[in-house]
Amino acid sequence: MPIYSVYVINRAGGLIYQMDHTQPKTEVEKTFSFPLELTLKIYDERVVVSFGQRDGIKVGHTILGINGEPVRGRQLEDGRDVLEMIANPENYPIAIKFGRPKLSTNERIMLASMFHSLYAIGSQLSPAQKSSGIQVLETDSFKLHCLQTLSGIKLIVLADPKQGGIDALLKKIYEVYSDFALKNPFYSIDMPIRCQLFDDNLKAVLETAERLSMYSSGIN
Amino acid sequence: MTIYNLYIFDRNGVCLYYQEWMREKQPGMSQDEEFKLMYGMIFSIKSFVSRMAPVDFKDGFSSFCTSSYKLHFHETASGLKFVMNTSLNVSSIRDELQHIYSALFVEYVVRNPLCKLSQPINSQLFKTKLDSYIRGLPFFSAKVN
């Protein structure tokens, strides 16, 4: 039951800290013969599977490598275009590596500010009195937990749906934030957190939370 | 336990149906604007979740909680979206939303030739059946009328 990642968002919706704790492996490599059984398209400067799920390759996966060479965007590192290579029957058989696209820093900043506004809308559309924003967002593969502190900072943890004790973990992360980021004399508020002590302590807290939940699920 | 309200959207974002049972707080905007905001939020959450997800998933977003209510979401393969707001102590109502789709929406809207798809539902029959189904649910608070 892993904890996937932690985000810290400032009062204005800017991402000031992000860490990936556990990165699940989602890469699949397969050798294809001509013609390719998948439909590919260019999306956001990446080659994405748009139709044809098979052998662990899902719609939405991007091409990460061809014949062992890594792909940057829509091109191989030596400048050859991925779609042209795939369209040419002379290049077959071809080994293509697929996987979930990695989020770039810019995308993460965008997603963080997107969550910031979703949080506000969630509280505005409330049918009940005095609602906060989104605290837990549930999907079938992960859960997002958000704690907004009194000072407006949002701490976000992405974890497995079965992972327990996240409320305590969020409080603990807040403690680490106030101890090692805010008390750092070189840190100016609302700016990105670059502090080794914060990193190390956060990592320790996440590991303890994972161990504790493994221990408690072992009892049941 | 309470059911606050229910929205049904079609794949283009038109609000086909809205009913409220016990809504404590009215939004400070017109109903039309509220539907657009709700659809926009659901749409953004779907795209947010699909990009944020560290692993592959099947159905995607299913619910979110705030400090005072819980929003449940169910989408059919044809893009119909069912959104229901309840109090926090209601656990997953995926089956109930699926029932509203398959036993009420399909039965009394899709099979009714007078109901135009992609337009708000005016059928009194659908309205009555839905209302009685919702009121019969175990987590529908009895003190509301």
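Is the crossing of α2(A) and α1(B) left-handed or right-handed? In this predicted model, the crossing of these two helices is left-handed. The residues that make the contact are, on α2(A), A:E107, A:M110, A:L111, A:M114, A:F115, A:L118, A:I121, A:G122 and A:Q124, and, on α1(B), B:L37, B:M41, B:S44, B:I45, B:S47, B:F48, B:R51 and B:M52. By residue class, this contact comprises 11 nonpolar, four polar and two charged residues.

Two packed helices are described by the angle between their axes and the distance between the axes.

In total, 36 residues of chain B are in contact with 39 residues of chain A. The area buried between the two chains is about 3600 Å², and carbon and sulfur atoms give 62% of it. Of the area that chain B buries against chain A, 21% is supplied by B:F48, B:R51 and B:M52, more than by any other three residues.

On the side of chain B that touches chain A, the elements that give two or more residues are β1 (3-9), α1 and β3 (61-65). Among them, α1(B) gives the most, with 12 residues. The residues on this side of chain B divide into 17 nonpolar, 11 polar and eight charged.

The structure holds 24 salt bridges over all chains, and the count between chain B and chain A is three. One salt bridge joins A:E107 to B:R51, with the closest N and O atoms 2.8 Å apart. Another salt bridge joins A:R100 to B:D56, where the closest N and O atoms are 3.2 Å apart. This pair crosses between chains and links two loops: A:R100 is in the loop between β9 (94-99) and α2 of chain A, and B:D56 is in the loop between α1 and β3 of chain B.

Attention may now pass to the backbone of chain A. The peptide bond from A:F34 to A:P35 is cis, with omega near -10 degrees. A:P35 is placed in the loop between β3 (28-32) and β4 (39-43) of chain A. The peptide bond from A:Y92 to A:P93 is likewise cis, with omega near -5 degrees, and A:P93 lies in the loop between α1 (82-87) and β9 of chain A. In A:N67, a residue other than glycine, phi has a positive value near 50 degrees. A:N67 is found in the loop between β6 (62-66) and β7 (69-72) of chain A.

Note on methods:
Residues are numbered from 1 along each chain as its sequence is written. Chains are lettered from A and ligands numbered from 1 in the order in which they are written. This is a predicted model: local features need pLDDT of at least 70, side-chain atom pairs count only at pLDDT 80 or more; totals for chains, interfaces and linings use all residues. Side-chain values use heavy atoms; hydrogens and water are left out. A crossing is left-handed if the near helix is turned anticlockwise from the far one by less than a right angle, and right-handed if clockwise. Helices (H or I, at least four residues) and strands (E, at least two) are DSSP runs, numbered from the N terminus. Contact means heavy atoms within 4.5 Å. Ala, Val, Leu, Ile, Met, Phe, Trp, Tyr, Cys and Pro count as nonpolar, Asp, Glu, Lys and Arg as charged, and the others, Gly among them, as polar. Buried area is the accessible area (1.4 Å probe) that two parts lose on being put together, summed over both. A salt bridge is a side-chain nitrogen of Lys or Arg within 4 Å of a carboxyl oxygen of Asp or Glu.
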